[in-house]
Amino acid sequence: MATIVQRNPGPEAVLAARKPGVIPGPGGRTILSSLPPLSLYVHVPWCLRKCPYCDFNSHELKGELPERDYLEALQADLEQALPLVWGRQVISIFIGGGTPSLLSAAGLDRMLAMFRACLNVLPDAEITMEANPGAAEAGRFRDYAASGVNRMSLGIQSFDDRALKALGRIHDARQARAAIEMAQRAVPRVNLDLMFALPGQTLEECERDLRQAMAFGTEHLSLYHLTLEPNTVFAKYPPALPDDDTGAAMQELIADAAAAQGWERYEISAYAKPGGRCRHNVNYWEFGDYLGVGPGAHGKLSFHDRIVRQAKLKNPASWMEKALRRDGSHLAEDRPVQWKELGFEFMLNALRLKEGVERGSFVERTGQSLFAIAPAIERATAKGLLDPDPARLRATPLGWAFLNDLLAEFLD
Ligand SMILES: C[S@@+](CC[C@H](N)C(=O)[O-])C[C@H]1O[C@@H](n2cnc3c(N)ncnc32)[C@H](O)[C@@H]1O
Ligand code: SF4
């Protein structure tokens with residue numbers, strides 16, 4: 001994760017950091033011949049209750065959702081970022097959280113109208129919204145779709161009431177099923193998020209969850225190994241979790257059972273039916289660009305002479321207050337990615353994809369020659385972690401199973 005080098009820079013500092021030539025490419029020349037596709041990420045930071053395993057920038061809602069103030073600040077945040085993306089087309093929008101399904105239908109409609117007014121959003125852009133089954137309502141889902149949402153991603157986690165309780169979820173399995181049906185009636189494309197290696201979970205229970213999820217006939221599943229994240233309730237009071245061998249067996253079982261039903265595991269945690277891949281996330285993994293708006297949102301933006309990383313202040317109240325000042329003080333980070341970081345950052349994303357990426361896209365997206373990572377490629381190939389395919393950068397099955405070991409080769 002990138003370090004924060006500028007906290008609350010003033011407008012001069014922001015402009016100075018945007019001056020050309022800050023990445024020392026060879027001879028200081030322009031490094032990118034074309035810009036990658038651009039996506040938009042929007043962060044909605046509130047949840048009805050904080051889940052004990054979650055380290056996302058999500059905050060328990062105290063009282064009413066401050067929707068008006070949030071949307072006003074979002075507009076100010078977006079407008080300050082517009083000079084960074086003038087004229088570029090937006091291929092996808094992802095409204096994530098937190099729990100975006102806490103937004104009213106009118107609020108969501110205002111948000112999407114704002115994006116269309118300010119940005120060149122492609123008519124067929126993928127517009128995903130995350131929803132929690134504990135904050136789901138059929139009429140509202142239909143209204144979201146009428147405003148332009150064409151994909152919903154539901155945080156299901158499990159269909160087992162005991163597991164849901166252990167995870168501190170605000171919904172039970174019946175509500176999860178009802179929310180899936182509501183989403184399927186409202187939008188053409190649905191993703192279900194599930195976690196495995198849950199407290200006390202057996203291999204059989206894991207398989208039962210997977211089979212129930214697949215039976216809904218959605219086009220996409222995200223299956224995450226539950227991890228104990230620092231600064232969460234679970235990190236402080238760890239529940240009894242399946243051991244590493246059982247976790248690995250669950251991962252294997254999931255991959256095999258999903259493949260047998262026609263699901264392609266196209267990324268470490270993502271499974272899709274043909275045509276069902278998440279375009280927004282694929283753009284991240286292919287080292288595309290994304291503008292992030294909302295508290296804690298991250299962005300990566302390419303220019304012909306540099307690649308910039310941005311992050312907004314995480315605290316919702318501070319972000320709202322500072323965004324409205326329109327002086328760049330809502331930025332927690334705004335810095336060019338250094339020349340020597342680019343190779344690792346590219347591989348960190350690209351190798352998550354089962355098919356990897358074309359070797360030429362390394363040159364196109366980083367502005368560097370493949371010679372920059374040639375020693376790492378050689379080492380990783382010799383260890384059997386990287387596919388020797390001359391056309392692609394792709395992990396071998398071994399490299400995919402031990403991705404951290406593979407990535408470590410690209411660290412220096
Ligand atoms: C932002 S949340 C999704 C939407 C909504 N907030 C919800 O939970 O219903 C993204 C997903 O990340 C996964 N996730 C969150 N914390 C995790 C953890 N510690 N380990 C593994 N997966 C996690 C969950 O599957 C969750 O649905
Ligand atoms: S509902 Fe989702 S974002 Fe909110 S605390 Fe739970 S896992 Fe995190």
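The model is predicted.

## Domains and the annotated region

The chain is divided into domain 1 (35-283) and domain 2 (339-412). Their centres, taken over C-alpha atoms, are separated by 28 Å. Five residues from domain 1 and five residues from domain 2 make the contact.

UniProt, in an unreviewed entry, lists residues 32-265 as "domain: Radical SAM core". Over residues 32-265 the chain is 40% helix and 24% strand. The end C-alpha atoms of that stretch lie 31 Å apart.

Start with helix α6, which covers residues 173-186.

Which residues of α6 are buried? They are Ala173, Ala176, Ala179, Ile180, Met182, Ala183 and Ala186. An α-helix has 3.6 residues a turn, so residues three or four places apart point the same way. The cover over the buried residues of α6 includes strands β5 (120-131), β6 (151-157) and β7 (189-196). It also includes helices α4 (138-147) and α5 (161-166).

In soluble globular proteins, nonpolar side chains tend to be buried together. Here the largest nonpolar core holds 105 residues. Leu40, Ile93, Leu154, Ala183, Phe196 and Ala350 touch the most other members. The largest share of this core, seven residues, comes from α6. The core draws at least three residues from each of domain 1 (35-283) and domain 2 (339-412).

Take Leu154 as an example. Leaving aside neighbours within four places in sequence, Leu154 contacts Ala179, Ile180 and Ala183, among others. Its other partners include Ala131, Pro133, Val190, Leu192 and Asp193.

## Strands β1 and β11

Strand β1 (residues 38-44) and β11 run parallel, joined by five bridges. Ser39 has Tyr290 in β11 as its bridge partner.

How many residues of β11 are buried? Five of its five residues are. In a regular strand the side chains alternate between the two faces of the sheet. In β11, Asp289, Leu291 and Val293 are on one side, and Tyr290 and Gly292 are on the other. Both faces are covered.

Beyond β11 comes Ala297, in the loop between β11 (289-293) and β12 (298-302). Ala297 touches Tyr41, His43, Gly292 and Lys312, not counting residues up to four places away in sequence. Its C-alpha atom is separated by 23 Å from that of Ile156, 141 residues apart along the chain.

## A hairpin

Strands β9 (residues 264-267) and β10 (residues 270-272) pair in the antiparallel sense over three bridges. They form a hairpin with two residues between them. Glu267, in β9, stands opposite Ala270 in β10. Not counting residues up to four places away in sequence, Glu267 touches Trp285, Arg352, Leu353 and Lys354.

## Buried or exposed?

A residue is buried with 20 or more other C-beta atoms within 10 Å, and exposed with 12 or fewer.

| Residue | Other C-beta atoms within 10 Å | Class |
|---|---|---|
| Ala297 | 25 | buried |
| Phe287 | 23 | buried |
| Glu267 | 21 | buried |
| Asn120 | 13 | partly exposed |
| Asn231 | 7 | exposed |

Asn120 is found in strand β5. Leaving aside neighbours within four places in sequence, Asn120 is in contact with Arg88, Gln89 and Val90. The C-alpha atoms of Asn120 and Trp86 are separated by 8.8 Å, though the two are 34 residues apart along the chain.

Most residues other than glycine have a negative phi, and most peptide bonds are trans. Some places here depart from that.

Asn231 has a positive phi of about 65° although it is not a glycine. Asn231 sits in the loop between β8 (220-225) and α8 (233-236). Phe287 also has a positive phi, of about 65°. Phe287 lies in the loop between α10 (279-285) and β11.

Which residues does a cis peptide bond join? They are Gly97 and Gly98, with omega about 20°. Gly98 is in the loop between β4 (89-97) and α3 (105-118).

Terms used
Residues numbered from 1 in each chain as written. Chains lettered and ligands numbered in written order. Predicted model: local features only at pLDDT ≥ 70, side-chain atom pairs only at ≥ 80, totals over all residues. UniProt positions renumbered as here; feature names shortened; annotations may be inferred. Helix = DSSP H or I, 4+ residues; strand = E, 2+ residues; numbered from the N terminus. Expected span 1.5 Å × (residues − 1). Contact = placed C-beta atoms within 7 Å. Core = buried A, V, L, I, M, F, W, Y, C linked by C-beta atoms within 7 Å. Domains from an automatic or database assignment. Pairing = 2+ DSSP bridges.
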